[in-house]
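Please consult the sequence and the coordinates while reading.

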Amino acid sequence: MNRYSLIASATIALLGASSSLAQSVEYQYSSKATYVPKQDLNSYEAVPNGYEIAYTQLVERHGARALSSPKYDILTKQVWTLAKQRGQLTELGEKLGPITDQVTAANKTLGYGLLTKIGEEEPSGIATRMAERLPLFMRNTSQQPVCIQVQTSGKARANQTAHFFMQSLAKDVNYVSDDAAQCYQAQTQANKIDKKMVNKYELYSHKTNPAKNANYQEYKGNYEAYKAFKKSDKLEAVFDELARLPQTKLLAREMLERIYTKEFVDFLEHQISDDKNCDVAAGNCFKTNTRKPDETEDDWKYVQNEVDAASKLYNMFIIAPGMLREAQAQGGEWDLKQFITPEESAWFAYQSDAEDFYEKGPSFADGHGVTYNIAKPLLKDMFNEMDAVANNRQAVKHVAKLRFAHAEQIMPLAALLHVEGSQKSASPDELYSQANNAWRGGWVTPYSANIQWDLFKSKKPNSATLVKMLYNEKEIGFKDDCNVFPGTQYFYSLSELKRCYGDELSPL
């Protein structure tokens with residue numbers, strides 16, 4: 001018995017109790033929750049007397065998107081098709097296949113991985129509220145266009161998010177739009193951006209080796225450690241234990257037995273091939289290759305038991321709110337809720353959260369930051385930007401730097417900052433749960449999740465430069481070790497932030 005078996009036996013009652021409450025709550029969508037600003041901008045703390053906004057920066061996850069690749073829908077349909085052939089569908093189950101076909105059709109029409117209509121609206125709204133929050137600063141009383149620097153990961157959905165953000169901002173802000181080298185170059189195609197505005201080392205850091213760029217080589221040890229951790233027995237063991245939790249198997253079976261007969265669910269549990277080289281035509285093999293056209297390595301996804309089947313259905317289910325407009329274009333909502341209860345959604349949201357927590361978030365307390373040290377280049381640049389503004393040393397005068405990336409950047413950055421919801425790692429002898437940890441995918445990294453830092457300066461000599469953070473447009477504090485500026489609740493001096501984040505700003 002490995003140590004996680006002991007953990008699970010000690011915590012299962014707690015986890016089960018958490019799940020039993022889920023019937024009284026709304027459906028949960030984990031990191032696929034659509035974006036909602038968490039605070040009215042009219043309720044923000046007033047800027048200290050004598051201070052004015054001088055600069056702002058943003059890191060934003062892309063907006064709501066289609067499925068990243070044909071996997072959850074394809075695998076769900078494979079399972080359903082075999083049950084249909086075997087005559088082992090329930091009356092409710094008969095409905096799942098046609099709805100899955102609608103999901104697949106909408107994703108093909110839109111393009112797997114690309115922004116949905118709601119995904120276009122989310123960054124547009126954030127941009128509008130940014131302009132409203134910082135009106136005089138963003139609009140520039142000199143009437144000259146302001147320089148706003150933009151960077152993306154280079155991935156289509158991040159480029160699209162930048163495009164719709166900047167299009168919306170243009171309604172309120174006169175900015176330079178023809179200078180990719182120094183400011184921003186307007187995009188002629190939403191999903192493409194000038195290469196000068198792409199920075200994969202900071203905004204696609206989980207899959208970009210810093211050893212390839214002289215400016216980032218000091219971070220290569222963090223990248224190597226992260227890649228090794230992702231393949232480690234330690235991570236695999238905790239994932240296996242999460243899948244084996246009795247509540248996971250119980251709710252997976254309850255979900256599936258509304259769709260399939262008990263005999264078919266028994267078949268899924270006991271007779272599915274776990275051979276990754278199995279033949280789909282064999283009648284006990286479910287797999288699909290999600291490798292994209294621009295990728296060289298195969299990326300196979302599998303259903304190898306009943307928990308996998310339920311998980312794939314849940315992951316198709318949670319895409320629906322962000323694809324509401326696309327479903328409506330087909331004639332109406334997909335009504336995937338008829339296949340999954342709030343209780344089941346809450347439990348599988350916990351499962352999804354737990355996997356993200358361990359692989360991309362605060363992770364193990366004895367992990368030495370292996371999952372979030374990959375965000376150090378990004379954090380360093382954020383501090384460099386503030387330093388340059390504070391000391392009037394900007395190489396190119398710009399009022400904002402806007403970065404568009406992915407959940408894989410937001411989660412480690414939040415953990416590296418040790419901010420609300422990402423402050424606590426998991427003890428090696430206690431499994432992460434919603435009862436013992438505040439980390440939630442729906443708060444940390446919903447679609448369009450964003451971290452914004454506003455910088456304020458005073459004209460008085462020797463005055464401190466102040467910084468305030470918004471997380472999903474809610475005022476929050478920096479980590480507990482940082483002291484707020486006297487007389488304020490959410491403002492911090494830049495020098496204090498550099499002090500309290502000294503360890504996080506070191507390369508290793």
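The model is predicted: local features need pLDDT of at least 70, side-chain atom pairs count only at pLDDT 80 or more, and totals for chains, interfaces and linings use all residues. Residues are numbered from 1 along each chain as its sequence is written, and side-chain values use heavy atoms, without hydrogens and water.

Helices (H or I, at least four residues) and strands (E, at least two) are DSSP runs, numbered from the N terminus; two strands pair if DSSP finds at least two bridges between them. Strand 6 (residues 450-458) is joined to strand 1 (residues 51-61) by nine bridges, and the two run antiparallel. Here E60 stands opposite N450 of strand 6. Strand 6 is also joined to strand 7 (residues 466-471), again antiparallel, by six bridges, with V467 in strand 7 as the bridge partner of L455. Eight of the nine residues of strand 6 are buried (under 20% relative accessible area with a 1.4 Å probe, protein chains only; exposed is over 50%, partly exposed in between).

Rings of Phe, Tyr and Trp (its six-membered ring) pair if their centres lie within 6.5 Å; planes under 30 degrees apart count as stacked, over 60 as edge-to-face and the rest as tilted. The count comes to 24 aromatic pairs. Y29 and F317 are stacked, because their ring centres are 5.3 Å apart and their planes at 20°. Y29 lies in the loop between helix 1 (3-20) and strand 1, and F317 in helix 12 (residues 306-317), so the pair ties together parts that are 288 residues apart in sequence. Both Y29 and F317 are buried.
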